[in-house]
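Reader: I have the model open and a few things to ask about it. Can we go through them one at a time?

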Amino acid sequence: MKNKVILFTVNVDWFFLSHRLNLATEALKKGYEVHLASSFTHHKSHIESLGIHVHDLNISRGNTSIHNVLLSLISIFKIVRLTSPDIIHAITLKVSILSAIASVFHRRTGLIIAISGLGYMYTEKSFVNTMKKGIIYFFFQLLATRSNLKLIFQNRFDMNELTKSNKVLLNKATLIHGSGVDLDKYCPQTSSEIFSCKKVVFASRLLYTKGIEEFVTAIKIFNSHNTSQGIDVEFIIAGDFDDANPACISRDSIESWSEIENLKYIGHQNNLDELFLSSYIFVLPSYREGMPQVICQALASGLPSITTNIPGCMDAVQDNKTGLLVPVRDPTALYKAIQKLLSDDALRQSMSLSARAFAVQNFNVVDITEQHMKLYSAAMFRQNP
């Protein structure tokens, strides 16, 4: 009997590795033939070595011209026709829309669309982004007619935004809290550590929509208020540039921040778990998220997290229990939250214990992977009643 085929479609290979590889490897264990359609950087051979069939997808995340969109659509259409998948698991908005259109003639194919977050067009107000939001909303209303469709959302706000006034679409929606965290890898120190230096860590792609400029401004405010208090604090920025994203900061910005004595930029880190083990608190003052995986990892590591009171972030952090929520684009409030945790070791320790417990209950990769496997089985059942 031929194995069932699942095709993952995603913008770029590194995102698949960091956010969906657990699903692909589990699907392989369960006997699926797994394919990946993506643009590839330097991870292609590694993904192939895992037993995953790879297909080059002609797609550019930073180019939304009609010509580019048509080329991407043709590329996905050819891959869908070649692989003839039983299930397509499409990830992120642009790829999901193109995958849905490309599979229109494959009505027996189960379509699973994962909305990782509504992204740049929801953080930046403009006429163009308003038009894009209208088109996306209209497209999802049309999707409601597809019988073998499943939508995965990472927070309730995004789910309500795209399914509002459409009970049929809402019935096809499932809420899954992110990609999951390996709780054995991301875990707190086993002994009570005395921090000789308190590290405050920001880890993310270097996008201004992640609140990196507000973080740097908060550091400057902190330094102006702590010139003689003797608090040994080190601020760390970990992450890489994402030039394809219109919100990517300039390299000149990083250079200018080198003048801040207690701020260190350490670039992309393959082992965030090791960095978190020696850190005191985590900060991500983002403008909007789906379910920020790095916060989930920080909480699992016992790091109280300071983030913004916006969709996605407020779903990940319990205010005054596992961390602190601050208003978006407010470096002064961010400074005060950082100062509060740095000056109160008992509060930080209490939040550390709560953070780990919350992560264990909500972000266990084993549980989240199993939720996805059940969706795959449900899609197969629908098309073979």
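Reader: Which residues of helix 5 are buried?
Author: Leu 93, Lys 94, Val 95, Ser 96, Ile 97, Leu 98, Ser 99, Ala 100 and Ala 102. Buried means under 20% relative accessible area, exposed over 50% and partly exposed in between, with a 1.4 Å probe and protein chains only. This is a predicted model, where local features need pLDDT of at least 70 and side-chain atom pairs count only at pLDDT 80 or more, while totals for chains, interfaces and linings use all residues. Residues are numbered from 1 along each chain as its sequence is written, and side-chain values use heavy atoms, with hydrogens and water left out.

Reader: How many of the residues of helix 5 is that?
Author: 9 of the 10, so helix 5 is largely enclosed by the rest of the structure. Helices here are DSSP runs of H or I with at least four residues, numbered from the N terminus.

Reader: Which residues of helix 4 meet helix 5?
Author: Asn 68, Val 69, Ser 72, Leu 73, Ile 76, Phe 77 and Val 80. On the helix 5 side they meet Lys 94, Val 95, Leu 98, Ser 99, Ile 101 and Ala 102, contact being heavy atoms within 4.5 Å. By class, this contact has 9 nonpolar, 3 polar and 1 charged residues.

Reader: At what angle do helix 4 and helix 5 cross?
Author: Roughly 55°, with the axes of helix 4 (residues 66-83) and helix 5 (residues 93-102) coming within 9 Å. The two helices are therefore oblique to each other. Angles under 35 degrees count as roughly parallel, over 145 as roughly antiparallel, 65 to 115 as roughly perpendicular and the rest as oblique.

Reader: And helix 15 with helix 16, what is the angle there?
Author: The axes of helix 15 (residues 331-342) and helix 16 (residues 345-362) cross at roughly 95° and come within 6 Å. That makes helix 15 and helix 16 roughly perpendicular to each other. Lys 340, Leu 341 and Leu 342 in helix 15 meet Asp 345, Leu 347, Arg 348 and Met 351 in helix 16. By class, that contact has 4 nonpolar, no polar and 3 charged residues.

Reader: Different topic. How many disulfides are there in the whole structure?
Author: 0. A disulfide would be a pair of cysteine sulfur atoms within 2.5 Å.

Reader: Cys 296, buried or exposed?
Author: Buried, with a relative accessible area of 4%. Its sulfur is 9.9 Å from the closest cysteine sulfur, in Cys 313, so that is too far for a bond.

Terms used:
Axes fitted to C-alpha atoms, helices over the stretch in contact; angles between N-to-C directions. Nonpolar A, V, L, I, M, F, W, Y, C, P; charged D, E, K, R; others polar.
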